[in-house]
Amino acid sequence: MAIHAYLRVSTTDQTTENQLIEIERAGFKPEYVYADEGVSGGVLAAQRPEFQRFLGFARAGETLVVSKLDRLGRNAMDVLGTVKLLEERGIKLIVLALGSLDLTSSAGKLMLAMLAAVAEMERDLLIERTKAGMVRAKAEGKKVGRPSKLSDKQKAEVRKALEAGETIYGLAKRYDCPRGTIRLVRKSMEGEK
């Protein structure tokens, strides 16, 4: 039966090559390789192009190998749902970082449930720490968030142009920025009144 390898990286700056090398070093010789590049783990597995292609191609009795659990996803419910789907279709799932444990087996499902819950808790804690850091930085008077697409001078020009009746779309094109940036300038004008 065929062995499939699924690889995923979150940004286009990263490469899936190391994941494939890791799978091959573990003794697996995948006949089919699916690689989603520039796709966040937050995107549900079933919505990723290459994972969808795998699902359309794989058959019962075949094996899917991934290097780490987070290649399947970062959301516990999504990962558990993906494992359940594979189990229902008779596809064996091997995660190398878990000692090549088959996650569709009883022991594997127990391990998966615990690991997915811990991973989701870690992600939630990271979000909480990030929010707390942003609140602290704001309290200290520091600017948080992305840098503005427009300089102060450009914002003043946009204000004048808006007052003169120019459209948000036209200004966004002229300043090569999203319309939302121009809307924020307009919103700041409303706050000044």
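**View 1. The crossing of helices α3 and α4 is right-handed.** A crossing is right-handed if the near helix is turned clockwise from the far one by less than a right angle, and left-handed if anticlockwise. The model is predicted: local features need pLDDT of at least 70 and side-chain atom pairs count only at pLDDT 80 or more, while totals for chains, interfaces and linings use all residues. Residues are numbered from 1 along each chain as its sequence is written, and side-chain values use heavy atoms, with hydrogens and water left out. Helix α3 covers residues 76–88 and helix α4 residues 106–139; they pack at an angle of about 160°, and their axes are 8 Å apart. That makes α3 roughly antiparallel to α4 (angles over 145 degrees; under 35 is roughly parallel, 65 to 115 roughly perpendicular and the rest oblique). Axes are lines fitted to C-alpha atoms, for helices over the stretch in contact, with angles from 0 to 180 degrees between N-to-C directions. Helices (H or I, at least four residues) and strands (E, at least two) are DSSP runs, numbered from the N terminus.

**View 2. Residues at the contact of α3 with α4.** From α3, the residues A76, M77, V79, L80, V83 and E87 meet K109, L112, A113, A116, A117 and E120 of α4. Contact means heavy atoms within 4.5 Å. By class, this contact of α3 with α4 holds 9 nonpolar, no polar and 3 charged residues. Ala, Val, Leu, Ile, Met, Phe, Trp, Tyr, Cys and Pro count as nonpolar, Asp, Glu, Lys and Arg as charged, and the others, Gly among them, as polar.

**View 3. The open sheet of 5 strands.** The strand order is β2-β1-β3-β4-β5, with mixed pairing. At the edges are β2 (32–37) and β5 (101–102), each pairing on one side only. Two strands pair if DSSP finds at least two bridges between them. Strands β3 (residues 63–66) and β4 (residues 92–95) pair in the parallel sense over 4 bridges, and L64 has L93 in β4 as its bridge partner. Helix α1 (residues 17–25) packs on the sheet and touches β1 (3–9), β2 and β3; the direction of α1 makes about 150° with that of β1.

View 4. 7 of the 7 residues of β1 are buried, so β1 is largely enclosed by the rest of the structure. Buried means under 20% relative accessible area, exposed over 50% and partly exposed in between, with a 1.4 Å probe and protein chains only. I3, A5, L7 and V9 point one way from β1, while H4, Y6 and R8 point the other way. β1 runs parallel to β2, joined by 6 bridges, and parallel to β3, joined by 3 bridges. L7 has A35 in β2 as its bridge partner, and I3 stands opposite T63 in β3.

View 5. L101 counts as partly exposed, at 24% relative accessibility. Leaving aside neighbours within four places in sequence, L101 is in contact with L93, I94, V95, A107, G108 and M111. L101 and M111 are 10 residues apart along the chain, and their C-alpha atoms are separated by 9.1 Å.

**View 6. Packing of helices α5 and α6.** Helix α5 (residues 152–163) and helix α6 (residues 168–175) pack at about 150°, with axes 11 Å apart. That makes α5 roughly antiparallel to α6. The crossing of α5 and α6 is right-handed. Q154, E157, V158, A161 and L162 of α5 and I168, L171 and Y175 of α6 make the contact, with 6 nonpolar, 1 polar and 1 charged residues.
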